[in-house]
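Thank you for making time this morning.

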Amino acid sequence: MSMLSEIKNIISNSHDEVIMAKKWNIHYRDNLYKEVYGRIWPTTHRYYFEGNPSFLTEYKNFTDMKRFPLIMLRDSFVTLSAFFLNNPKPPENFNTILLIAKEWEQLIPKTWKSNVALYSFQRPQAPKKPKKVMVLGLATSYSFWRHTVEQAFNNLEKLIPKESKKMFYLPMRERSVFGHIDEAPVYAKCMRFLLQKFGADVDILTNNNEILNVKLSKGDAYCDLSSENMLCSDNYFHHHYSSQNVGALDAKNLEPSEEDLAYPLSLYHNIHISELKSQGETFAGLLYKTKILKMNVKDWDPKYHDFLKEMIKRGELKI
Amino acid sequence: MKIGLIYSFKESNWFSVTKIVANLLKAYELDKSNVELVHINYSASNTHEENLDTVTAAFKNDLQKLIFIDHLPHPLGFLSLLRPSQREKIKEIIFHVFGDFTLNFRWWSNTEKLLKDLKVKFVCASHKQARLVEKFVPKDTVYVCPFPVNPEEFYFDEGKRLETRKKIGLTEQDFAFLYTGRLSEQKKSKELINLFLDLKLEKKLPKNCKLIIAGSFDNLGTPYLQENQLLGEYFRKTNQILERYPKELVEDVVFIGNICNKELIDYYNCSDRFISFSCYHDEDYGMSVAEALASGLPCLLTNWAGYSSFKIDSISGATVHIPVALGEKRVSFDMDMAKDEMVKCYKESLPSESRKKLSVDALKILSIETCGNTLEEINRADVGVFSEFSAFLHLLGAVSEYKEFPFMNENSKVYNDFYYKVYDVYAE
């Protein structure tokens, strides 16, 4: 049976027992990322799909993962790279299929080909002149690895029509991601460029508990402050707004192939699942570097995060 | 006499409540007797100081009567802000009761002492809701007045029928069932789609019969039983139903998403039968049903809660009700009868003249003017001084203090006795 046929079969036979988001008794692998994802909530809020969208930290170990025939990982570069570097090939008798965000295709070793497929989303297009634009931002150092804060705001300035009313969701806390990192300097920079580029006639929303109650409608749009999120590839807000037919200003045009599986997640947006075709070039480069530098690859280790960040800034990683 | 109309000037998160409040305001403004209305903005988004200022400003007007026409925030907050000198001036308080009455027992329990020695009236939107509320408040304080429909917004228009059909690709020969509202577990929209497609598969409904679904999906699940749903869950589960049927049948279920209030009348006029098998636990009324009837659209409904009040007997078959029953975890409706009635509705669609009459007869009961007259009578009615809420309300209020799900048996996660004692009247 082909990979996609197998996935189709799993999805059509799915039930709540094999969907992590429906469980109340999750045995987390560690407390660190549980807290991190809690701090960047509602970006990491749960939603429903039979593909089982979840995070690596929600599985204690491979034995735990084996209980689920399909796991759609919402993880991003930091935790995914560590996972594949520490597990360059699947363990024996591991039949679970992992769905990985298509943007990290090159991070997947060839040896995992039989256990991995890719996912991407088709979201509604934004109107040319939206009345309101909601900018979703995590003003943390993990949003500005490829681009600086200034570059991100320059891009935003080009993207958002001048006439649109701007709302910025920018939750502010010193320890907004990892407890040992003071993110206040990043936040301060964001505020400086926000005021410089867009002036004071903007709404700034900071309350995590209230943000989901802010209403947008069909003639409005949303976009991300930064196209990078090194901690979460699958942003809940994208689903929240797409399911209300609110278009994404920065939606990439998806070119699905006929072979792809497509599932509607709402009346207005879909998920596409495709086979892995890449050779894992980024993984190969990363593996080589970590061996040469004798890097201790731990997703919780700040040195590892700094190592990844430097590699990206120097252009040594193709992502 | 100066009457304070208390509501939030900000739109509610529940779209139907926004319409209800607007129409109630219009109904009260029709009162030609010697009444001066004072509009008071009492809103959850106000700070405590803002609400205090609101109360002070309102009582400069020597108010003698207060009428709460909104569902949130609970009146307890407002009444707690009254000083004794302000409270002394009040002769009577009227509460319009919404579907969330059963979510607020502990607030009502705490309101009792603030109502003592005042004349109090509870205005319910339907007869079954009145019977439910009578379990908790003195019977002689309960009145019924439907939430009004604006006849300038909802009416029968043959022209709109033809125009809208052309726009959405329906032919004159097509028969269209229409559902408007939230697509939700308790609204039974999945079951409606399932029955429709079954009938299609069994060839009891032909190709030219369509089901138009106007509304958006929600994730409310069954909160009383701690069965919350995730974003997309109800949509995916509905989609699983659709995937079981051949594509050519599924094409006859047309999802049009949310439509704005102005467009609703077009869809009511272009359709042939409004259909809803909702068993939503707080279906105190059914604004969409009222608007459909006002637009001359006959209805096929469950006999649940507020829906039971929609009976237009002057036209045979205009309002058809399906029996319901309270179950362990769900309220269910008679699916076999529902299927039979759907086929009957298709075979016996109402002609244009009957629909026009239906609109006229419905508006005789539901229009702003009629409801305004009813509210005037309620206003003038004499009622004794309020004594207390029932022991049952206080019991449920106390239980709600420490139990997040007062209607759930925690061991078996099914409805407990309290649920049946409260909601039995909705299933009769």
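I will begin with a sheet in chain A, then turn to a helix and a serine in that chain, and end with chain B.

Please keep in mind throughout that this is a predicted model. In chain A there is an open sheet of 6 strands, whose order is 1-2-3-4-11-10 and whose pairing is mixed. At its edges stand strand 1, residues 53-54, and strand 10, residues 261-264, and because each has a single partner strand, one side of each is left without a neighbour in the sheet. Further in, strand 2 (residues 70-73) and strand 3 (residues 97-101) of chain A pair in the parallel sense over 3 bridges, and Ile71(A) has Leu98(A), in strand 3, as its bridge partner. Helix 1 of chain A, residues 3-12, lies across several strands, including strand 2, strand 3 and strand 11, and runs at about 140° to strand 11.

Let me now move to helix 4 of chain A, residues 77-86, where 9 of the 10 residues are buried, so that this helix is largely enclosed by the rest of the structure. Among those buried residues are Phe77(A), Phe83(A) and Phe84(A), and the cover over the buried residues includes strand 2 and strand 3 of chain A, together with helix 2, helix 3, helix 8 and helix 9.

Apart from neighbours within four places in sequence, Ser164(A) is in contact with Pro130(A), Lys131(A) and Val133(A).

How do the two chains meet? The contact draws 19 residues from chain A and 16 residues from chain B, and the area buried between them is about 1,400 Å², with carbon and sulfur atoms giving 59% of it. On the side of chain B, Leu230(B), Leu231(B) and Arg236(B) supply 48% of the area that this chain buries against chain A, which is more than any other three residues.

Finally, within chain B, the axes of helix 1 (residues 15-29) and helix 15 (residues 368-380) come within 8 Å and cross at roughly 65°, and the crossing is right-handed. Residues of helix 1 of chain B, among them Leu24(B) and Tyr28(B), meet Ile368(B), Gly372(B) and Leu375(B) in helix 15 of chain B, and the residues of this contact divide into 5 nonpolar, 2 polar and 1 charged.

Conventions: Residues are numbered from 1 along each chain as its sequence is written. Chains are lettered from A and ligands numbered from 1 in the order in which they are written. This is a predicted model: local features need pLDDT of at least 70, side-chain atom pairs count only at pLDDT 80 or more; totals for chains, interfaces and linings use all residues. Side-chain values use heavy atoms; hydrogens and water are left out. Axes are lines fitted to C-alpha atoms, for helices over the stretch in contact, and angles run from 0 to 180 degrees between N-to-C directions. Helices (H or I, at least four residues) and strands (E, at least two) are DSSP runs, numbered from the N terminus. A crossing is left-handed if the near helix is turned anticlockwise from the far one by less than a right angle, and right-handed if clockwise. Contact means heavy atoms within 4.5 Å. Ala, Val, Leu, Ile, Met, Phe, Trp, Tyr, Cys and Pro count as nonpolar, Asp, Glu, Lys and Arg as charged, and the others, Gly among them, as polar. Two strands pair if DSSP finds at least two bridges between them. Buried area is the accessible area (1.4 Å probe) that two parts lose on being put together, summed over both. Buried means under 20% relative accessible area, exposed over 50%, partly exposed in between (1.4 Å probe, protein chains only).
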